[in-house]
Amino acid sequence: MKLSQLVTAALLTAVLCVLAPVTVPVGVIPLSAATLGVYLVAGMQKVHTATLSVAVYILLGALGVPVFAGYNAGMGLLTGITGGFLIGYVACAAVSSAIIGGKIKGWRVPLAFVAGTLVLYIIGAGWYMWQTACTITTALSVCVLPFLVWDGIKIAAATGIISLVKKHL
């Protein structure tokens with residue numbers, strides 16, 4: 001890994017750590033700016049570096065740095081009912097970045113983020129179902145439906161930010 005890639009990865013991990021704690025309570029699972037951070041990480045880096053950046057974010061939170069939603073931290077959050085979403089951020093970044101493949105043109109970026117978000121929802125809602133023994137209907141109504149519009153807005157915002165930043169790099 002080149003020094004410039006390492007610096008970019010560190011900076012984007014820091015951006016994710018700053019954005020992720022910002023939340024709006026909407027129920028059991030808060031609306032978080034974390035997915036915006038994950039989208040930025042995925043759109044600005046190659047797949048292996050994007051995945052590493054998000055994994056470092058998860059590691060920092062697991063070790064006690066308050067970077068998770070609501071400035072929380074600890075292993076308990078990874079094993080709790082929202083732990084699937086934290087773990088799903090890694091998959092979301094990997095899938096999104098792999099689809100983007102460094103090509104910031106047309107609909108590729110937002111479609112990549114939609115695909116990554118779908119994987120995130122599957123992992124997060126599946127984990128929630130396992131932890132709470134609820135039905136898929138309940139999991140979708142708690143873990144997915146309240147976030148669709150907001151994640152769409154974050155996808156649009158991340159797409160615009162990445163487009164602007166990439167023009168100047």
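## Thr13 in helix α1

Leaving aside neighbours within four places in sequence, Thr13 is in contact (heavy atoms within 4.5 Å) with Ser53, Val56 and Tyr57. Thr13 belongs to helix α1; helices are DSSP runs of H or I of at least four residues, numbered from the N terminus. With a relative accessibility of 8%, Thr13 counts as buried, a term for under 20% relative accessible area, with exposed over 50% and partly exposed in between (1.4 Å probe, protein chains only).

The model is predicted: local features need pLDDT of at least 70, side-chain atom pairs count only at pLDDT 80 or more, and totals for chains, interfaces and linings use all residues. Residues are numbered from 1 along each chain as its sequence is written, and side-chain values use heavy atoms, without hydrogens and water.

## Nonpolar core

A nonpolar core is a set of buried Ala, Val, Leu, Ile, Met, Phe, Trp, Tyr and Cys residues joined through side-chain atoms within 4.5 Å. The largest one has 43 residues, and Leu16, Tyr57, Ile58, Leu86, Tyr89, Phe113 and Cys143 have the most contacts inside it. At least two residues of this core come from each of α1 (3-19), α2 (34-44), α3 (47-62), α5 (83-100), α6 (108-132), α7 (136-143) and α8 (148-167). The most, 8 residues, are given by α2.

Not counting residues up to four places away in sequence, Phe113 touches Tyr39, Ala42, Gly43, Ser96, Ile100, Ile155, Ala158, Thr159 and Ile162.

## Leu6

Leu6 also lies in helix α1. Its relative accessible area is 47%, so Leu6 is partly exposed.
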